[in-house]
Amino acid sequence: MRKEGDRPLLIEDARYLRLTSYREDGSEASRPVWFVQRDSVIEITTPEASKKVAQISHDPRVEIAPADMRGKVDEDAERLTGVARIVHGDASDEIAAAVKAKYGWQGKVAETVYGARARAGNDLYATRVGLRITPTERL
């Protein structure tokens with residue numbers, strides 16, 4: 001996406017992103033997410049059974065923007081479109097570890113909660129996958 005001389009992505013300093021994916025009927029579904037950025041790729045960890053994974057499986061187009069913890073985006077915030085790819089196995093584990101490291105104690109608490117829910121039989125939390133988002137255009 002970036003060419004020599006382009007300004008850098010501004011989302012790397014954000015604590016949260018608003019991730020917008022698309023339902024089967026084409027309507028938008030937005031939610032705040034934790035993320036890490038490696039070069040120009042945005043990475044997210046999420047339960048495999050989540051709606052965002054189902055939506056991205058159907059339509060890999062996404063929009064991302066820096067947000068607050070509720071998903072609210074400032075008017076002047078950088079917004080990007082991109083293409084999301086679902087990753088499993090070692091790649092997914094690497095993303096989960098990077099997100100956990102970025103978010104410190106919050107990441108550890110979230111991992112503990114997800115693990116407890118999975119052990120309690122909540123299939124939604126049993127398997128996690130990674131999402132790799134390659135930005136394609138600034139809006």
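**Close-up views of a predicted model**

Tyrosine 103 is buried in this predicted model, with a relative accessible area of 1%.

**View A. The aromatic pair of tryptophan 34 and tyrosine 103.** One aromatic pair turns up in a search of the whole structure. The ring centres of tryptophan 34 and tyrosine 103 are 4.4 Å apart and the planes lie at 10°, so the pair is stacked. Tryptophan 34 belongs to the loop between strand 2 (28–33) and strand 3 (36–38), and tyrosine 103 to the loop between helix 2 and helix 3 (104–119), so the pair ties together parts that are 69 residues apart in sequence. Tryptophan 34 has 23% relative accessibility and therefore counts as partly exposed.

**View B. The surroundings of phenylalanine 35.** Lysine 102 lies over the face of phenylalanine 35, at 3.6 Å from the ring centre. Leaving aside neighbours within four places in sequence, the contacts of phenylalanine 35 include Ile11, Ala14, Leu17, Ile42, Ile44, Val99, Lys102 and Tyr103.

**View C. The largest nonpolar core.** This core has 23 residues, of which Leu17, Leu19, Phe35, Ile42, Ile44, Ile64 and Ile133 touch the most other members. At least two residues of the core come from each of strand 1 (16–22), strand 4 (41–47), helix 1 (51–58), strand 5 (61–67), strand 6 (80–87), helix 2 (89–102) and strand 7 (128–138). In soluble globular proteins, nonpolar side chains tend to be buried together.

**View D. Arginine 61 and tyrosine 22.** Arginine 61 is placed over the face of tyrosine 22, at 4.4 Å from the ring centre.

Technical notes:
Residues numbered from 1 in each chain as written. Predicted model: local features only at pLDDT ≥ 70, side-chain atom pairs only at ≥ 80, totals over all residues. Heavy atoms only, no water. Core = buried A, V, L, I, M, F, W, Y, C linked by side-chain atoms within 4.5 Å. Buried < 20%, exposed > 50% of the residue type's maximum accessible area, 1.4 Å probe, protein only. Helix = DSSP H or I, 4+ residues; strand = E, 2+ residues; numbered from the N terminus. Contact = heavy atoms within 4.5 Å. Phe/Tyr/Trp six-rings, centres within 6.5 Å; stacked < 30°, edge-to-face > 60°. Lys NZ or Arg CZ within 6 Å of the ring centre and 35° of its normal.
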